[in-house]
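Here is a short tour to read alongside your viewer.

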Number of protein chains: 2
Amino acid sequence: MVERAVTIRDVGPRDGLQSEAPVDPQRRRELAVALAQAGVAEVEAASFVSPRAVPSMAGAGDVFAGLPALDSVRWWALVPNRRGAELALAAGVRALTVTVSASPAYSHKNVGMSPLDALAALVEIAEIAVGAPEPAPLDTVVSCAFGSPFDDVADVGVVAAMVEQIRATVPGTVTLADTTGTATPRRIAAVLKATGTDVGLHLHDTRGTALANALAAMDLGVRWFDTSVGGLGGSPFAPGAGGNLATEDLVLVLEDGGIDTGIDLDAILRISRGLSSLVGHAVPSRTSSAGRLPAFGD
Amino acid sequence: MVERAVTIRDVGPRDGLQSEAPVDPQRRRELAVALAQAGVAEVEAASFVSPRAVPSMAGAGDVFAGLPALDSVRWWALVPNRRGAELALAAGVRALTVTVSASPAYSHKNVGMSPLDALAALVEIAEIAVGAPEPAPLDTVVSCAFGSPFDDVADVGVVAAMVEQIRATVPGTVTLADTTGTATPRRIAAVLKATGTDVGLHLHDTRGTALANALAAMDLGVRWFDTSVGGLGGSPFAPGAGGNLATEDLVLVLEDGGIDTGIDLDAILRISRGLSSLVGHAVPSRTSSAGRLPAFGD
């Protein structure tokens, strides 16, 4: 794969759709494939969670069953526990994301476990990922990494300690998630100072700050961002979580700044504009409505 | 007046309401006063334009007639020409904004003049402002300063030349307006490199970039921002212009960064949440719905 200045993982088929009314697995797969065809090199296509807990993610196996093996894209799946990891690998998933939360209250709501138990489950998942015939890359996503809607993540210390523990116990990468859009450039800088910049960022736009936070993190050296086409998204377990940073919003600004993402903005805008018929409402991204920038040279 | 780290001029009663269905002058005045009571030290309360051209700005004299003279706030009015300036001063206005556009097409639509003629009108307005019994501060707002929806502002050169001409011919300050949200951090840096940072910025959030642009400009040294409570706004003469940078979005982030604006965020959120009943729809600001940040320390 070509080395990009910035890597964007589109989590639209997973995070983007998980709080929407259920969409047929075939259409979720088509969305994932369209994103890959638009040049997105990392796509989170589904999560292997209980369909009782998250009805919109039912049929993850069906989503993956029809995904083409392409050199240009890596398909990710979110798994909540050992059982989910086994199902995912059996369904042909080759890259896993796992969420652990800095917030005890959110951890209980999201995965029914304390953060400590979630870390223990993470170790089990890592063993399965590493032990697979073809070892699967593992990305551990730390949710509520910039504050918690339940007011139980008071400072950088708890996040830094969790990242340290993850790095000490499991292989793979770490992504810091701003689950309910409580990050600011000041908080981004404070957390990155503690964790280093070799992390991904998963930002939500609950307060309109996601793009500013992404650019602040880029200035500090972060090179991996989760986004969602159309700015869809939000956790069903965090009220008012707000959509993800929109893929098109980030690509628009990076492209204008001469930074290669490998992503075709026009293709993303076409996908984004088709989403309203999939989810039954307008998407949050403002770029989706406004479209490309007129030219303006230095 | 206290020296603030950043000065915010709320243009909600003017730019925020000019594209909405007409609101009674008394309620526009109450909005302006509420903003002042929330600690906003600069408020653009109305524009003295033709009510045929901009029906929502009818009754500007009535708005100003009841505005209290307070040490803590300066009330601004936008004027399009000599006649508007005379009306404004007669109505008791003591601080004037005037728009000239870098885009010929937008200039014709907005003020019915070429940019050159608008510059000539600006000189007339400046004479009236300076010649008033108590000379009125004058702020010249350059619209389409980061690109034009009519594709007739191709580069920094035309904007820089206009700013130079303004500074050479009239007294007062200059504000650069991103009338249709085509700015990016790259464009902000390029324009400021040519004009210097002793300018205000008036940003629209058409593509979700306004906050990122404001913070990029702050990093470069800009200290004056036009915003609109609730993120209302948009030019009736630029299709799809999009709302202004929301006052609460900027204050939220600056406050979290320890930067004093003098503005009470809770009071702004209360005003913002009352706007939907005034304009008949939800406001664009996401912070308005999501509210304050939970605490998160370094």
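Predicted model: local features only at pLDDT ≥ 70, side-chain atom pairs only at ≥ 80, totals over all residues.

Residues are numbered from 1 along each chain as its sequence is written, while chains are lettered from A and ligands numbered from 1 in the order in which they are written.

**The barrel of chain A**

- In chain A, eight strands close into a barrel with parallel pairing, in the order S1-S2-S3-S4-S5-S6-S7-S8; strands here are DSSP runs of E with at least two residues, helices are runs of H or I with at least four residues, and both are numbered from the N terminus.
- Neighbouring strands of this sheet are turned by 30° against each other on average, direction ignored.
- Strand S3 (residues 74-78) of chain A pairs in the parallel sense with strand S4 (residues 96-101) of chain A over two bridges, where a pair requires at least two bridges found by DSSP.
- Leu78(A) has Thr97(A) as its bridge partner in S4(A).
- Strand S5 (residues 138-143) of chain A runs parallel to S6(A) and is joined to it by four bridges, with Asp139(A) opposite Thr173(A).
- Strand S6 (residues 173-178) of chain A has five of its six residues buried, so it is largely enclosed by the rest of the structure. A residue counts as buried if 20 or more other C-beta atoms, placed from the backbone, lie within 10 Å of its own C-beta, as exposed if 12 or fewer do, and as partly exposed in between.

**Strand S2 of chain B**

- Strand S2 (residues 42-47) of chain B is mostly covered, with six of its six residues buried.
- On one side, two bridges join S2(B) to strand S1 (residues 7-10) of chain B, and the two run parallel; here Asp10(B) is partnered by Val43(B).
- S2(B) also pairs in the parallel sense with strand S3 (residues 74-78) of chain B, over five bridges, and Glu44(B) stands opposite Trp76(B).

**A loop residue: Ser285(A)**

- Where does Ser285(A) lie? Its place is the loop between helix H11 (265-279) and helix H12 (286-290) of chain A.
- Ser285(A) counts as buried because it has 30 C-beta neighbours inside 10 Å.
- Leaving out residues up to four places away in sequence, Ser285(A) touches several residues, including Gly230(A), Asp249(A) and Gly208(B); a contact means C-beta atoms, placed from the backbone, within 7 Å.
- Ser285(A) and Gly16(A) are 269 residues apart along the chain, and their C-alpha atoms are separated by 12 Å.

**The contact between chains A and B**

- The contact takes 42 residues from chain A and 42 residues from chain B.
- On the side of chain B, the elements giving two or more residues are helix H8 (185-195), helix H9 (210-220), helix H10 (247-256) and helix H12 (286-290).
- That side divides into 18 nonpolar, 14 polar and 10 charged residues; Ala, Val, Leu, Ile, Met, Phe, Trp, Tyr, Cys and Pro count as nonpolar, Asp, Glu, Lys and Arg as charged, and the others, Gly among them, as polar.

**Helices H10 and H11 of chain B**

- The axes of H10(B) and helix H11 (residues 265-279) of chain B come within 10 Å and cross at roughly 160°.
- That crossing makes H10(B) roughly antiparallel to H11(B).
- Among the residues making this contact are Val251(B) and Leu252(B) of H10(B), and Ile268(B) and Leu269(B) of H11(B).
- The contact of H10(B) with H11(B) divides into five nonpolar, two polar and two charged residues.

Key:
Contact = placed C-beta atoms within 7 Å. Axes fitted to C-alpha atoms, helices over the stretch in contact; angles between N-to-C directions. Parallel < 35°, antiparallel > 145°, perpendicular 65-115°, else oblique.
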